[in-house]
Each structure stands twice: as structure tokens, then as C-alpha cells.
Amino acid sequence: MTEETIICRCEDVTYGQIVRAIEDGCTTVEEIKRMLRCGMGACQGRTCVRLISQIIAERTGRSMHEIMPPTSRPPSMPIELAILAGEADDKRNVSASGGGTT
Amino acid sequence: MKKQASAVIIGGGVSGCGLAYCLAKRGFRDVVVLERDYLASGATGRCGGGIRQQWSTEENTRLAMESVRLFQQLDEELGYETEFAQGGYLILAYTEGEVEQYRKNVAMQQGLGLNVRFVDSMEAREIAPHLNTDGVLCATYCPDDGSANPFFVTQAYAEAAKRLGVEIELYTPVTEILTRGNRIAGVVTPRGRIETPLVVNAAGGDSVPLAKMAGLDLPIVPTRHEIMVTEPIDPFFTTMVISFQHGVYFRQERHGGIIMGYGDPDEKPGYDIESSLNFLRTMSRKILSLMPALHQVKVVRQWAGLYDSTPDALPILGQVDQVEGFIQVNGFSGHGFMLAPKVVDLLARLITGQDLDLPIERLHLNRFQEGEIDRDLSVV
């Protein structure tokens, strides 16, 4: 891993930025998320949260178990406003309730 | 952690951190900030980030105007990029009653020197392209209103305060406020107690239980307010749009997402800050009636925070009569972030015995015993 390695692909947050946030006093994923936006993009942290937890563990000498994941916020996947508003056609609604939209 | 302090500020939001900085800047030593979780973890970090000067009361308007002046120089003063930008606020009128009220508001605001004016629906669409103006009679527009990043503003104050010697203790809840007679004597936390003659209650929605620890009742009702944000899309407007008729506000964030909130009139008072499916549905319907072009844009996240609402939607500021050394900075009723820079400057002046350049007597807790309440009507 180098300074420039991208940890959060949605928001382009690098390994170096996360390490600096920890050096500046952040001790939780929740705090790093608010400072750097990692985990706030389309995937809502599915890729990066574990990686960030590992970096915190390494840097602070704590075990992974002690590092709490950030609050998981709905919706669990991005959903179109029209579907949420009930304005989309039936086909769309079915695919949404089936767990996958385009 | 210190055993003694000249002041303990409870709450690491924008008000608590801002006040710590302003006190230290004025030479007040040994200030400690106690935060239950992490900085801006309460109402500050959950708010929409808007900075508005268009209010119906003179008190809110003056505090907001002075705060904007301070926001303009904050990055330079604190050495931090807080993403402050003046993208404007557009407030839509749908009824004759609203138009009449906005006329009074604008006359008062212009009298205080605010750059605000009426626009027709065509100009409103130029300011906010794709806005559905069906039923809009007119709107008020202030191009100098704007927004900033609440996490960054809080962090900026906190780091500047620490450089001046303030101690900020995270993950340190206050479990007890100690009094001797009717004077503040100290606070108790799981990490030990701190003796102090001065406690500042800057705990947002939790100001009520905190005040109770010192035997003080505050007329504040905590109420959940929900917000959601979409995926980023190409920037197409800078202004915040408000419709009191729909109970809605929305703007496009710097990184492209549309952030939006809705004040549910049926929301029951309480400390619940869970997200609701009902909000997701209602908000989506409301935003699509105002901005139909967004129908294929995806919502990525929703969250909620507490408004600490007072009967007049104005904050409670200053030393209370009941307990000596107990200072309130709460009751912001959903707009504490935007008022913070001037509020914390005034409170620091008050605590250090310096002249106030804006009177705050009318924001004292005692006003609620005096009958007549002039409520700010411009609240979402």
C-alpha cells in the first residue's frame, strides 16, 4: 500500500489521507468518514469500511474487534426517487423489491 | 483529564467548540470541553449545513447576519477550509398569507441592511433551474445566504481552541452536575470529576436532561428531523430552496448530491433519531413535485437529528438566575449551526465581562415567564 492507494473508490480517498486523519486524532471509522467522506458514496462503505478498520487497528495497536463499524444508514442500496415516491411503473417496482435496480 | 477548570463546556458541537475557541482567544484560561461521543456527533453533524439570514424575527436575522460576516473570515482566522460558500436562499410563497408575511420579513430584513428582494416565478426558475413553479406566487431571494460544512467548521474551531490550550475530552459524558447552594461547583464523568465555577450547557437536544442535573427546567422540546441525500449529479444550482408550504428545504452540495429535509408536523417529541421509511417516501414525493427532473436520481443515504425547539424558535442564551455559574447555549430550534459564529462570540464576551455589541437580554430564559411570545415564523 502506498500513500496514493485508493481506499474508498466512490469518494477517491487515499491511504495517505486516512493515515493522516488517524495521526490527527481520529480513532473511529465514524470520525474518519465525516472528515474525508469515505463510505458516503454510492456503495455506502461496502468496500472501504473494513479496510479503514484495518488501518485504524494497525496504526493504534488495537484489535479489529474493538473497532466499531459506522452506523449503517438506509437505504441499503441507492434507489431512484421515482421508485420511492411510488411514481415508477410496475416493472421497476418489482425489480426494486427484488433487490436489484438498474 | 484536568481536576480543575475555570469553565467546563458540555457539548462538542459547533457551539461548544466555537465558544471554547472564543474564550481562549480572549485570554480565558483552563477551559475544558466534554463531548459524550465525537465532535459534531449530535445536531451539528446531522444538520443540512445551510446558512440563512432570512428570518421573521429581528433577533434571528441580526445573529445570522453577524454570523455570515464572521463565516466570511473564518477560514483565514482558523486556518481551515470550511467549504463556506454564498450560494443564496430562495424562499417560495404559495399563498396570499405567505406573501403578506414575507413583505413584513423583507422590510425588516432590508431595514437591517440585508441584501434580500422579491423575485417572480420566472426569475426563481433562473436561480433554481428545473424548479416547478406551479402555484408559486413569488419568492424572496438573498444571494448572500449560503452553506458550509458543519464537520469542518466544528473541527476548525476545535483545533484552533486546542492550539490556544483548551482541552477537549471525547467519549466523556457528564453524569452529574455538582452544585453548592445555588452555585455550580463541578461536573462528574466516568473518567473523574472536574471542579469548576462555570458550566456551559451546549448539549443541543440533550440540554434538557443536562439542565435537570442542576435542578433547572428548560422549555425545550427535542424533536426528530430527517434528511436524505442523493448520489452526486452535475452541478446545476447553488441556492437553497425553501417551501414552508411543503415544509421542505433542499440544495445541491458541493460534491453534487442533492441534500433535502422535511419537517413532519406529526413528529412526536422525543429522543428517537432512527431513520423512517415514511420520510423516505414523503420526501421523495415532495422533492419530485418541486423538481420533477430528478426522478431518476438515486437516494444514497438518510439520517436524522434532533431540533431543540423553544416556544419562540429562538435560542436560550446566557447565565440563568436559578443557578449561579450555569450558562445556556441551547434551544436553537434547528438553526444552531448558522447562528453559531456570532452566538459564541457574544457568549465569550459575556463570560469575560466584555461589552456585547449585540444585545441578548431578549434571549434570556426568563422571557418565557413574561407572557407574550414573538415566535419566529420562518422555521422548516
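Residues are numbered from 1 along each chain as its sequence is written, and chains are lettered from A, with ligands numbered from 1, in the order in which they are written. Because the model is predicted, local features need pLDDT of at least 70 and side-chain atom pairs count only at pLDDT 80 or more, while totals for chains, interfaces and linings use all residues.

Chain A has five helices and three strands; helices (H or I, at least four residues) and strands (E, at least two) are DSSP runs, numbered from the N terminus. From the N terminus on, the order of these elements is β-β-α-α-α-β-α-α. Of the 102 residues in chain A, 33% are buried. A residue is buried if 20 or more other C-beta atoms lie within 10 Å of its own, exposed if 12 or fewer, and partly exposed in between, with C-beta atoms placed from the backbone.

The two chains meet where 22 residues of chain B are in contact with 19 residues of chain A; contact requires that the C-beta atoms of two residues, placed from the backbone, lie within 7 Å. On the side of chain B, helix H8 (277-290) and strand S17 (298-309) are the elements that give two or more residues. This side has 11 nonpolar, six polar and five charged residues. In this classification, Ala, Val, Leu, Ile, Met, Phe, Trp, Tyr, Cys and Pro count as nonpolar, Asp, Glu, Lys and Arg as charged, and the others, Gly among them, as polar.

A sheet also links the chains. Strand S3 (residues 79-80) of chain A pairs with S17(B) in the antiparallel sense over two bridges, and Glu80(A) stands opposite Lys298(B). Two strands pair if DSSP finds at least two bridges between them. The pair belongs to an open sheet of nine strands with mixed pairing, in the order S3(A)-S17(B)-S13(B)-S16(B)-S15(B)-S14(B)-S4(B)-S6(B)-S5(B). S3 of chain A and strand S5 (117-119) of chain B are its edge strands, each pairing on one side only. Within the sheet, four bridges join S13(B) (residues 221-230) to S16(B) (residues 258-262) in the antiparallel sense, and Met228(B) has Met260(B) as its bridge partner.

Five of its five residues are buried, so S19(B) is largely enclosed by the rest of the structure. Phe326(B), Gln328(B) and Asn330(B) point one way, and Ile327(B) and Val329(B) the other. Strand S12 (residues 199-201) of chain B runs parallel to S19(B), joined by three bridges, whereas strand S18 (residues 316-319) of chain B pairs with S19(B) in the antiparallel sense over four bridges. S18(B) and S19(B) form a hairpin with six residues between them, and Gly325(B) in the turn has a positive phi of about 90 degrees.

What lies in the interior? In soluble globular proteins, nonpolar side chains tend to be buried together. Here the largest nonpolar core has 78 residues, and Leu19(B) and Ala20(B) have the most contacts inside it. Such a core is a set of buried Ala, Val, Leu, Ile, Met, Phe, Trp, Tyr and Cys residues joined through C-beta atoms within 7 Å. Helix H9 (residues 336-351) of chain B gives the most to this core, with 10 residues. A second, separate core of 44 residues includes residues from both chains, among them Ile83(A) and Phe250(B).
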